[in-house]
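This report turns to the fold as a whole, then to charged side chains, and then to the chain that follows the helices.

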Amino acid sequence: MNSDVRGKVAREFSAKRTRALLDAKRRKEELYKACPALSEVDGQMARLSYEHIRADLPEESAYNEKMNALFKRKAELMKQMGNVDIEPHFECEICKDTG
């Protein structure tokens, strides 16, 4: 396969992947607008993970307990919203459109 063909194929895969990721991002933003509490829970999860990595929350069990509570709350909110799918929809689930 010559380099022109490889380049074209790589650009096509990149475009497919980008479309899937942007569509997922759009759906997530719409969900956050409809349910701001979900955005807050995701933010809390991100902050908690960051704090844990920085060892500001050294107890593994405390981290797990807090994170599990946030996962449970997120699941409740997602259920209330009708379990909206916010994951990217790739054409190929094996390579996730990376080729």
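Predicted model: local features only at pLDDT ≥ 70, side-chain atom pairs only at ≥ 80, totals over all residues.

Residues are numbered from 1 along each chain as its sequence is written, and side-chain values use heavy atoms, with hydrogens and water left out.

## Overall form

The protein chain has three helices and zero strands, where helices (H or I, at least four residues) and strands (E, at least two) are DSSP runs numbered from the N terminus; along the sequence the pattern reads α-α-α. The radius of gyration of the protein chain, at 18 Å, is well over the 13 Å that the globule rule gives for 99 residues, so the chain is more spread out than a compact globule. That radius is taken over C-alpha atoms, and the globule rule is 2.2 Å times the number of residues to the power 0.38. Along the principal axes, the C-alpha atoms fill a box of roughly 55 × 35 × 20 Å.

Of the 99 residues, 21% count as buried, a class that means under 20% relative accessible area, with exposed meaning over 50% and partly exposed in between (1.4 Å probe, protein chains only). The accessible surface comes to about 7300 Å², and 54% of this belongs to carbon and sulfur atoms; accessible areas come from the Shrake-Rupley method with a 1.4 Å probe, and for residues only the protein chains shown count as cover. Among contacts (heavy atoms within 4.5 Å) between residues at least 6 apart in sequence, 66% join residues at least 24 apart.

## Salt bridges

A salt bridge is taken here as a side-chain nitrogen of Lys or Arg within 4 Å of a carboxyl oxygen of Asp or Glu, and by this rule the count comes to eight.

| Asp-23 | Arg-26 | 2.4 Å |

Asp-42 is buried at a relative accessible area of 13%, while Lys-74 is partly exposed at 21%. Salt bridges that share partners also join Asp-23, Arg-26, Arg-27 and Glu-30 into one network.

Arg-26 is partly exposed at 37% relative accessibility, and Asp-23 is partly exposed at 27%, whereas Arg-27 is buried at 12%.

What is the nearest side chain of opposite charge to the buried Asp-97? It is Lys-16, 5.8 Å away, and Asp-97 has no salt bridge; in this assignment Lys and Arg count as positive and Asp and Glu as negative, while His and the chain ends are not counted. Asp-97 lies in the segment after helix 3 (60–80), and the side chain of Asp-97 reaches the backbone nitrogen of Glu-91 at 3.0 Å. A polar atom of that side chain also lies 3.0 Å from the backbone nitrogen of Cys-92. Leaving aside neighbours within four places in sequence, the residues in contact with Asp-97 include Phe-13, Arg-17 and Phe-90.

Glu-91 also belongs to the segment after helix 3 and counts as exposed at 63% relative accessibility. Not counting residues up to four places away in sequence, Glu-91 touches Lys-16 and Asp-97. The side chains of Glu-91 and Lys-16 make a polar contact at 3.3 Å, meaning a pair of N or O atoms within 3.5 Å; within protein, one must be able to donate a hydrogen and the other to accept it, and residues adjacent in sequence count only if both atoms are side-chain atoms.

## Positive phi angles

In the segment after helix 3, Asn-83 has a phi near 50°, a positive value in a residue other than glycine, and Asn-83 is exposed at 52% relative accessibility. Lys-96, found in the segment after helix 3, has a positive phi near 55° and is partly exposed, with a relative accessible area of 33%.
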